[in-house]
Structure formats: structure tokens, C-alpha cells
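I opened the model to look up a few backbone and packing details. My notes follow.

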Amino acid sequence: MRRRQAVRALILSEPDQSVLLLRMQRPDRPGHFWLLPGGGIKPDEDRLSALRGEVWEETGFAVRDEPRLLWRRVHRFGRGLDEGLPVTEQREDIYLVAAPQFEPTARHNPEASEVGIFHEFRWWSVTALRAATDHQFAPRTLRRLVEELVANGPPAQPIQLRD
């Protein structure tokens with residue numbers, strides 16, 4: 001099993017409280033899902049440098065303020081060695097980034113392998129997320145997590161997610 005450290009940004013727009021998500025081609029089976037911008041931490045990067053770089057590359061937004069750590073998540077993906085693909089265990093730190101709503105762009109992304117797997121950006125309100133029962137999100141509980149964040153504000157301490 002491969003292990004990977006990653007960071008993600010929950011970009012919450014001000015003042016309308018919408019969340020920016022990317023629609024991604026599933027790496028391990030047919031279909032798509034929506035996820036937060038972010039990616040792996042390189043060996044010579046710290047978490048915040050990685051977060052700033054990944055958000056810039058994937059959305060064109062420059063994170064300037066000190067983001068707040070909201071959630072920690074461990075998940076696995078991949079089909080497994082029996083199908084010729086390694087399983088990856090990814091440990092993610094997910095940070096809150098406040099921003100005005102902007103027009104996202106992937107034109108800064110230097111990773112050719114990512115160009116074909118991201119298909120769409122969308123700003124999601126809590127109401128739109130609640131109604132999106134036919135969409136898949138990562139983490140799976142993202143709809144509930146965003147609703148709680150908007151209603152109650154960030155948690156006092158980072159929460160360990162279970163999915």
C-alpha cells in the first residue's frame with residue numbers, strides 16, 4: 001500500500017457562504033465525484049505551502065491569509081494489487097479558506113495528468129448541496145459538514161472525519 005500526505009481547501013465564499021468544488025473523473029472506476037481543491041504534499045513542502053500551491057494550480061486563487069485547519073481525513077483509493085493498481089492510503093488536512101466568489105481556472109496547473117480528470121468547477125450553496133442527492137462527494141459527508149460549518153462556524157479543534 002502506498003501512503004500519501006495531502007491538503008485540501010474548503011473555499012467558502014463571502015458573503016453568500018458557497019463552497020467551490022471540482023468535478024473529477026474517478027481514478028479507480030467509471031464515474032465522477034465532487035471534491036475540494038488540493039493535492040499531495042511534496043517531500044520538500046510544508047502543509048501550508050502545499051495548500052497554497054495546490055489551490056493556485058487547481059483554481060487560480062491565491063491563498064494569502066492563514067487558513068484554519070477544520071478536518072483531518074484518512075481514506076483509501078485504488079483497486080488493489082490483484083488488479084495491477086496499488087491501493088493508496090491518503091491522509092488529508094482540510095483547511096478553511098475564506099474568499100470572495102471568483103471565476104476558477106485550471107490554466108495554472110502544470111500537471112498534464114490532471115488536465116483530463118477535472119471536468120467542471122461549481123460554487124455550491126448549502127441549499128444546492130442538500131438537494132444534490134444524485135451526486136457523489138468526497139468526503140461522503142461533505143454536504144452535512146458544510147451545512148454544520150455554515151450554521152455553527154468552524155470547530156474549536158480539528159475534527160477527525162470517519163469517511
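I take helices and strands as DSSP runs, numbered from the N terminus. The model is predicted.

Entry: the cis prolines. I went through the loops with that numbering in hand. Pro-15 sits in the loop between strand 1 and strand 2. I then turned to Pro-139, in the loop between strand 8 and helix 4. The bond from Ala-138 to Pro-139 is cis as well, with omega near 0°.

Entry: positive phi. I went back to the loop between strand 1 and strand 2, where Gln-17 also lies. Gln-17 is not a glycine, yet its phi is positive, about 65°. Gln-17 has a relative accessible area of 26%, so it counts as partly exposed, the class between under 20% for buried and over 50% for exposed.

Entry: helix 4. I asked which residues of helix 4 are buried. In this helix, residues 142-152, they are Leu-142, Leu-145, Val-146 and Leu-149. Why do they fall on the same side of helix 4? They span an arc of only 95° around the axis, so they share one side. Ala-151 and Asn-152 are exposed on the other side of helix 4.

Next I looked up what covers the buried residues of helix 4. The cover includes strand 1 (2-14), strand 2 (19-25), strand 5 (68-77) and strand 6 (88-100). Helix 3 (126-131) and strand 8 (137-138) are also part of that cover.

Definitions and conventions
Residues are numbered from 1 along each chain as its sequence is written. This is a predicted model: local features need pLDDT of at least 70, side-chain atom pairs count only at pLDDT 80 or more; totals for chains, interfaces and linings use all residues. Side-chain values use heavy atoms; hydrogens and water are left out. Buried means under 20% relative accessible area, exposed over 50%, partly exposed in between (1.4 Å probe, protein chains only). Helices (H or I, at least four residues) and strands (E, at least two) are DSSP runs, numbered from the N terminus. The arc is that of the directions from the helix axis to the C-beta atoms. Contact means heavy atoms within 4.5 Å.
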